[in-house]
Amino acid sequence: MKVLGIGDNVVDKYIHIKTMYPGGNALNFSVFAKKRGIKSAFLGTFGNDKEAKYVESVLNELQIDISRCRYYPGENGCARVTLEDGERIFLGSNEGGVTRDNLMKLTDEDKSYISEFSIIHTGLYSHTAHLLSDIKELGVPLSFDFSDDFDNKQLESYIPYTDFAFFSCSHISDADTHKFLHTHFKNKGQILIATRGSERAIAYDGTEFYYQHPKYVIAKDTMGAGDSFITAFLLNYLKSKDISLSMEEAASFAANSCLVEGSFGFGMVYE
């Protein structure tokens with residue numbers, strides 16, 4: 001098995017301690033997979049500032065393949081963050097920086113490269129929506145994280161391309177989450193999963209609902225918890241085809257990630 005994250009890489013700048021950490025939904029997926037012993041790669045866009053160089057150096061240290069990444073002059077993706085009782089609070093961002101300003105186009109060489117992977121993960125913040133049809137045609141399972149910022153137009157446009165779709169639904173009730181997943185299920189074989197913060201996660205495969213309560217810990221930092229849940233679920237499901245087992249493993253991995261500051265550590269003090 002080998003997996004690929006396509007899309008966003010950022011630095012999360014924790015302003016209260018003047019420390020920045022690598023992150024981003026697609027990049028986190030690649031890193032968490034590597035930490036679970038799976039060969040992984042990241043395909044995204046880097047700027048030419050010190051933030052970009054730092055993220056690139058971390059990925060090289062972790063031996064994650066970035067051989068097909070793009071580079072442009074300008075700001076790397078960057079977000080400003082603080083913590084309150086272990087909960088990360090976003091204070092603003094440059095909305096992806098060069099990733100947003102230089103939308104990726106896939107070459108024939110890119111498509112051949114992507115076709116070699118077991119699964120691809122991307123998401124709403126990755127600026128990759130225009131690539132979904134091309135990726136789907138390659139026949140590689142596609143996972144998409146809608147987070148909680150999607151609108152109905154985006155949902156209806158993107159979800160038919162997905163094999164796995166993840167949503168952050170802590171803002172709606174248990175009953176409304178069931179209705180949401182049932183309403184938006186599109187394709188046979190598709191799995192939709194809603195994580196709900198401190199409440200139980202719910203998955204739906206078009207026939208049955210599945211449930212998993214969080215594994216409670218005293219969180220140091222919840223940054224990246226959702227991405228770690230996604231990664232562990234996907235890796236376990238690809239092996240076992242067991243939704244319940246994969247959700248349980250995902251909950252455990254997400255809980256452990258909350259004990260690490262930043263999405264996966266590697267903090268660096270900045271001025």
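The side chains of Thr 82 and His 16 are joined by a polar contact of 3.4 Å, a polar contact being a pair of N or O atoms within 3.5 Å, of which, within protein, one must be able to donate a hydrogen and the other to accept it, with residues adjacent in sequence counted only if both atoms are side-chain atoms. The model is predicted, and local features need pLDDT of at least 70, side-chain atom pairs count only at pLDDT 80 or more, and totals for chains, interfaces and linings use all residues. Residues are numbered from 1 along each chain as its sequence is written, and side-chain values use heavy atoms, with hydrogens and water left out.

Thr 82 lies in strand β6 (residues 77–84); helices (H or I, at least four residues) and strands (E, at least two) are DSSP runs, numbered from the N terminus. Thr 82 counts as buried because its relative accessibility is 15%, where buried means under 20% relative accessible area, exposed over 50% and partly exposed in between (1.4 Å probe, protein chains only). Beyond its neighbours within four places in sequence, Thr 82 is in contact (heavy atoms within 4.5 Å) with Ile 15, His 16, Glu 87, Arg 88, Ile 89 and Leu 91.

Lys 13 is part of strand β2 (residues 10–14). With a relative accessible area of 14%, Lys 13 is buried. Residues up to four places away in sequence aside, Lys 13 touches Thr 19, Met 20, Glu 51, Cys 78, Ala 79, Arg 80, Val 81 and Tyr 270. Between Lys 13 and Asn 102, the separation is 89 residues in sequence and 23 Å in space, C-alpha to C-alpha.

Asp 110 belongs to helix α4 (residues 108–114) and is buried, its relative accessible area being 1%. A polar contact of 2.5 Å links the side chains of Asp 110 and Arg 70. Not counting residues up to four places away in sequence, Asp 110 touches Arg 68, Arg 70 and Lys 105.

For the protein as a whole, the secondary structure comprises nine helices and 14 strands. Buried residues account for 53% of the 271 residues. Of the contacts between residues at least 6 apart in sequence, 66% join residues at least 24 apart. The C-alpha trace spans about 50 × 45 × 35 Å along its principal axes.
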